[in-house]
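Here are some notes to read alongside the model, written for someone meeting it for the first time. Please keep the viewer open as you go through the points.

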Amino acid sequence: MTIIRAVHKVEEGTSETAALHVTLAETGKTFPVQPHESVLAAALNAGIELAHECKTGFCGSCRVRVLEGGVAYADDPIGLSDQERGCGFALACQARAQTNLVIEAPWMPTDRPEPSQITAQVLAVEQVCGDITRLRLSPVGGMPAFLPGQYVDVVTQSGATRSFSIASAPDETMIELHIRTIPGGMFTAGIVPALKCGEVVALHGPHGLFRLRLDDFRPLVLVATGTGIAPLRAMLAALKDDPDCPPVALYWGMREESELYLADEIATLGAALEDFTFVPVLSRAAESWSGRRGYVQDAVLEDLPDLSEHALYLCGSPAMIGAARGRFLEAGASVNHIYVDSFHFAHNL
């Protein structure tokens, strides 16, 4: 097996040449890729549904292993660590073939429910702390099918969409969203505070590859910052009735104790599991705080210095995820068992 790891960037102005070819090691299927066309774009153009999500090089969902050949990037993708690159991994949404390639690549999962239009009535609008609102919605016609960890788009009257993770489990009777107010935001600061019980909200979904893997029996480490706790709350609620649930440790990073709006509920949900640990971590804790301090990824590594046997679900700020991924890999975590959902906030949200 030959692995050629290109360390250079794609040079602008490079002349067009004949198409190269990418071969999928698992099936032997081959598809052409044009110069300056990403491997993912070429696959999709050929009707091959390789796994992908953001298409911006951050989430890592399109990670492939390059078995033969070399790739380059116009800009180094944030979602690919040096450790992963050194092991022959590439991000298909950003990688451009420099030679013919042979790759191992995940496909889009077939168990995802099809997204659809959802009409829902507002059940409750609760400001749970500071700038975070807990929005509960009742879908008209019953709950849509979704997987714990997925998200929905809220569709405004103008047709604009805003994406929020679903905090409720599929067997609950409502869709719950945790919404952080963005100052000046059209939706979070303008529309959400004015919502009244009984009003109708348009949704579209579910979306997303971030989801609980029930067929993976590794101990689970759930790591969140801010409202990244929402999809992890959905996962925790879905696990409470699983007789084969592996050990679960949930780490939640916030700034101050007053922001731990789900702490009591998480403790209650976790009490239904045979082996559950909940560790809130505060970065700006008051002197009276007796719990963990600092950054949430540091707390994980203090407790679990060897992550080689764990499945890790990371959700929240790009800064946390970027720092955590690299350090968790250094602690032995498997690149194939780190699942990421990064919250990118638009200023007009």
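**Notes on side-chain contacts**

1. Let's begin with Arg-85 and Asp-76, whose side chains meet in a salt bridge at 3.8 Å, N to O. (A salt bridge here is a side-chain nitrogen of Lys or Arg within 4 Å of a carboxyl oxygen of Asp or Glu.) Arg-85 counts as buried because its relative accessibility is 17%, and Asp-76 counts as partly exposed because its value is 48%. (Buried means under 20% relative accessible area, exposed over 50%, and partly exposed in between, with a 1.4 Å probe and protein chains only.)

2. A word on the source: this is a predicted model, in which local features need pLDDT of at least 70 and side-chain atom pairs count only at pLDDT 80 or more, while totals for chains, interfaces and linings use all residues. Residues are numbered from 1 along each chain as its sequence is written, and side-chain values use heavy atoms, with hydrogens and water left out.

3. How many salt bridges does the rule give? The count comes to 18. One of them joins Arg-233 and Glu-265 at 2.7 Å, N to O. This pair links distant parts of the chain, with Arg-233 in helix H4 (residues 229–239) and Glu-265 in helix H5 (residues 263–271), 32 residues apart. (Helices, H or I of at least four residues, and strands, E of at least two, are DSSP runs numbered from the N terminus.) Arg-233 is buried, at 6% relative accessible area, whereas Glu-265 is partly exposed, at 24%.

4. Now for the rings: the structure holds four aromatic pairs. (Rings of Phe, Tyr and Trp, the last by its six-membered ring, pair if their centres lie within 6.5 Å; planes under 30 degrees apart count as stacked, over 60 as edge-to-face and the rest as tilted.) Phe-164 and Phe-187 make a tilted pair, 5.7 Å centre to centre with 35° between the planes. Phe-164 sits in strand E11 (residues 161–165) and Phe-187 in helix H3 (residues 186–191), 23 residues apart. Both Phe-164 and Phe-187 are buried.

5. Phe-210 and Tyr-313 pair edge-to-face, at 6.1 Å centre to centre and 70° between the planes. Here 103 residues separate the partners: Phe-210 is in the loop between strand E13 (200–207) and strand E14 (220–225), and Tyr-313 is in strand E18 (residues 311–316). Together with Tyr-339, Phe-210 and Tyr-313 form one aromatic cluster.
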